[in-house]
Amino acid sequence: MTEKRARTGYPSLVVAICGFVALGGVIAVLSAWSFVGQRLKESRDAALAEAVSVRARGVGLDFARELHQDWRNLRLVAVEMTGRGEPAVRTALDLIVAEKERISWAGLASVDGKVLTASSGMLEGADVSSRPWFTNGLGGDFAGDVHPAVLLAELLPLIGNEPRRFLDMATPVTDEFGSVEGVLAFHINHHWVEQYLSETAHSMGLDVYVIDRTGNIVARTDGLSEPIDKLQSFRSAMTGARQTGVEKWPDGATYFTTVIPVLGYADLPAFGWSMVARINNTAHPIGEFTSLFIVYFVTLGIVLAALTALFILIFVRPFRKLAKTARAVMRGEDIYPYEARTTAEASVLSAAVARLQNKMQP
């Protein structure tokens, strides 16, 4: 009865070792997951903040450089048209406008506000003296904000069901003595601007919003029309303040958002624009890392289990055999005692069992 209680009242050494190893493994995994999970979140947040800032600067620079290309062409034409006749000037303007997808209209107005020469002859003879591009262009280089087509509204086809909208660029034209003799202007197609900006932004995984100082959205790439004027980033853009951080948007989602205070490049006249860019909070997925983490710990568990089994086989099994031999000796059975030499302790116990058997024999 005493032998049976001893055999069943306490866990075996194998069970104790397996339980201890399993408990240690669970504690190690939970501790590692808690630590790594926190560090992973911090790392992901830092990576997203850096990603939205770097990508937004890239999109803004690329966009400004593209507009600067038009500005450089405008200045080049303004210089080269000095002393040239009307047919040559019109040919140059027609080549600039080409298919009207990017630049919808290019024209030269005299100092009294009459259009002298224009692409495709559109608006020639018209009075543009009240147009902002003309009044500002007489005084120097000018870049104007988005506005609907006014004089050209009936001359150019609609884009879908929407009337055309333009960005203006203008510069004074001087004669060989440096006196201003007119204003050269380009009307850049706003639809092209939005399309180009959208393609560039989406290739970077961003949504961007170009905002002027009065709070008007010049261009947006999310395809929506919901207001964003309650956002802190929007207010920062209006004041030209740089900002990067996490922000909850009107759609209920959280985004990493950054503000580029000024969009400009080289000698491009200032449009007075800022840019807000956002990247989804889940745009830097941790699922792949989590899967690798799980695979790593499953593999570690398998290796640990194999090592535990090997330890039991080499070091614990002899003790079990010694215990079995000791029970047989206690029952008075005449058996050859098991000899264990895997450890010093096992060797001592083997000798003790052998002596016990000798003493118990009659």
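Helices (H or I, at least four residues) and strands (E, at least two) are DSSP runs numbered from the N terminus. Opposite Gly 107 stands Ala 118 in S2. The model is predicted: local features need pLDDT of at least 70 and side-chain atom pairs count only at pLDDT 80 or more, whereas totals for chains, interfaces and linings use all residues. Residues are numbered from 1 along each chain as its sequence is written, and side-chain values use heavy atoms, with hydrogens and water left out.

Five strands form an open sheet in the order S2-S1-S5-S4-S3, with antiparallel pairing. Its edges are strand S2 (115–118) and strand S3 (142–148), each of which pairs on one side only. On average, neighbouring strands of this sheet are turned by 25° against each other, direction ignored.

Arg 220 lies in strand S7 (residues 217–220). Its relative accessibility is 14%, so Arg 220 counts as buried (under 20% relative accessible area, with exposed over 50% and partly exposed in between; 1.4 Å probe, protein chains only). Beyond its neighbours within four places in sequence, Arg 220 is in contact with Glu 194, Val 208, Tyr 209, Ser 225, Glu 226 and Ile 228, contact meaning heavy atoms within 4.5 Å. The side chain of Arg 220 reaches the backbone oxygen of Glu 226 at 3.1 Å.

Definitions and conventions: A polar contact is a pair of N or O atoms within 3.5 Å; within protein, one must be able to donate a hydrogen and the other to accept it, and residues adjacent in sequence count only if both atoms are side-chain atoms. Two strands pair if DSSP finds at least two bridges between them. Axes are lines fitted to C-alpha atoms, for helices over the stretch in contact, and angles run from 0 to 180 degrees between N-to-C directions.
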